[in-house]
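Here are a few notes to read alongside the structure. Take them one at a time, and look up each residue as you go.

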Amino acid sequence: MTRDKITLLAGNAHPQLARAIAESIGIDLCKVTVGRFPDGEIDVKIYDDLRGSDVFILQPTSPPVNDHLIELLLLLDTCRRASAGRMTAVIPYFGYARKDRKDEGRVPISAKLVANMISTAGADRVLTIDLHAAQIQGFFDLPVDHLYAKPVLIDYFRSLDPKDPVIVAPDMGGLKRARAYAESLGAQVAIVDKRRISADKVDWEHIIGEVNGKDALIIDDMIATGGSMVQAVRIVKEHGARRVYVGATHAVFCGDAVHKLAHCGADGIVITDTVPVHEPLPERFQYRSVAPLLARAILAIHQSNSVSALFDKV
Ligand code: R5P
């Protein structure tokens with residue numbers, strides 16, 4: 001079977017990103033409608049012929065995560081039943097990722113269940129960016145191309161011409177990512193020692209490493225409520241950082257996260273468009289697109305070229 005034809009289609013999660021990727025590759029988006037039946041069930045219809053095609057389905061599982069996940073599953077099922085040659089689920093933001101292990105009794109491993117659902121629906125491959133934990137790749141028994149937003153975000157940090165920079169991980173889980181940025185920028189590393197005292201109490205008061213008098217760049221995989229980042233900015237400032245900048249790949253932004261970040265004392269905030277942002281962003285926010293990165297990866301997969309050789313990785 002040949003897969004000369006490349007098809008890019010998208011659900012409702014992020015049409016702007018889908019259009020930007022299509023434009024970057026130089027193709028039209030596949031015609032598809034993803035609507036709702038009167039009872040709220042999701043209705044999918046694809047209008048273009050998919051037989052034998054190399055199909056890429058763009059759908060971050062961003063909020064409303066359950067709707068976007070089911071849309072992705074139904075799109076995969078539709079493509080499989082339409083005899084697509086190969087299906088790659090392009091999931092720039094993989095939701096449910098934070099529940100990746102049983103850290104207490106009687107809780108699910110949601111990330112594993114979601115991986116199973118995507119595989120069962122028919123995905124042959126997965127393309128994603130900055131998983132919450134890289135080990136989630138192993139939850140799929142399929143090839144997973146795991147990209148990093150670092151090449152997209154690091155230019156912003158370089159443009160700041162930071163003096164004596166230190167990259168700060170807002171928790172222990174972010175150390176590897178912080179090290180990768182530090183290596184590229186010739187910076188030191190520090191970690192906010194976030195300790196959970198009880199179910200509803202977290203202690204943020206300690207930093208491992210030196211930030212006094214330095215330009216601190218706090219980098220995280222995602223910002224949801226903004227609580228972790230706001231606390232990280234506070235503690236880094238209290239420990240004497242000169243300027244404080246914030247970066248995150250996935251701007252999930254729930255509740256009043258934008259307002260909180262805008263008033264947390266950070267000198268600048270940079271995020272990518274793996275997830276759509278539905279409100280205007282204040283001036284100090286910088287929005288960088290992952291569309292060229294995803295377009296290059298999609299073309300590399302389509303042409304059976306190396307993806308890891310193309311991109312700087314953590
Ligand atoms: C935690 O492990 C993650 O890396 C993020 O720090 C966290 O999920 C952000 O959530 P929020 O913005 O709600 O504090």
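**Notes on a cavity and some aromatic rings**

1. Please keep in mind that this model is predicted. Searching the whole structure turns up 1 cavity of 30 Å³ or more. The largest cavity has a volume of about 40 Å³.

2. Which residues line the largest cavity? They are Y93, F94, A97, D130, L131, H132, D221, M222 and H250. Sorted by class, this lining has 5 nonpolar, 2 polar and 2 charged residues.

3. Now find the two domains. Domain 1 (6-148 + 291-308) and domain 2 (150-288) both contribute residues to the lining of the largest cavity, so the cavity lies between them.

4. Next, the rings. The whole structure holds 5 aromatic pairs. One of them joins F94 and F140: the ring centres are 5.9 Å apart and the planes meet at 65°, so this pair is edge-to-face, as planes over 60 degrees apart count as such. F94 sits in the loop between strand 5 (86-91) and helix 3 (110-121), while F140 sits in the loop between strand 6 (125-129) and strand 7 (144-147). The pair thus links distant parts of the chain, 46 residues apart.

5. Are F94 and F140 buried or exposed? F94 has a relative accessible area of 5% and F140 one of 6%; buried means under 20%, so both are buried.

6. Another pair is F157 with Y181, with ring centres 6.2 Å apart and planes at 75°, so this pair is edge-to-face too. F157 belongs to helix 4 (residues 150-159) and Y181 to helix 5 (residues 175-185), 24 residues apart. Both F157 and Y181 are buried. Together with Y156 and Y245, they form one aromatic cluster.

Technical notes:
Residues are numbered from 1 along each chain as its sequence is written. This is a predicted model: local features need pLDDT of at least 70, side-chain atom pairs count only at pLDDT 80 or more; totals for chains, interfaces and linings use all residues. Side-chain values use heavy atoms; hydrogens and water are left out. On a 1 Å grid over the protein atoms alone, a cavity is a set of points where a 1.4 Å probe fits but cannot get out, and a pocket is an open set with protein on both sides within 12 Å along at least five of seven lines; lining residues have an atom within 4 Å of a point. Grid points are joined across faces, edges and corners, and a volume is the space filled by probe spheres set on the points. Ala, Val, Leu, Ile, Met, Phe, Trp, Tyr, Cys and Pro count as nonpolar, Asp, Glu, Lys and Arg as charged, and the others, Gly among them, as polar. Domain bounds come from an automatic or database domain assignment. Rings of Phe, Tyr and Trp (its six-membered ring) pair if their centres lie within 6.5 Å; planes under 30 degrees apart count as stacked, over 60 as edge-to-face and the rest as tilted. Helices (H or I, at least four residues) and strands (E, at least two) are DSSP runs, numbered from the N terminus. Buried means under 20% relative accessible area, exposed over 50%, partly exposed in between (1.4 Å probe, protein chains only).
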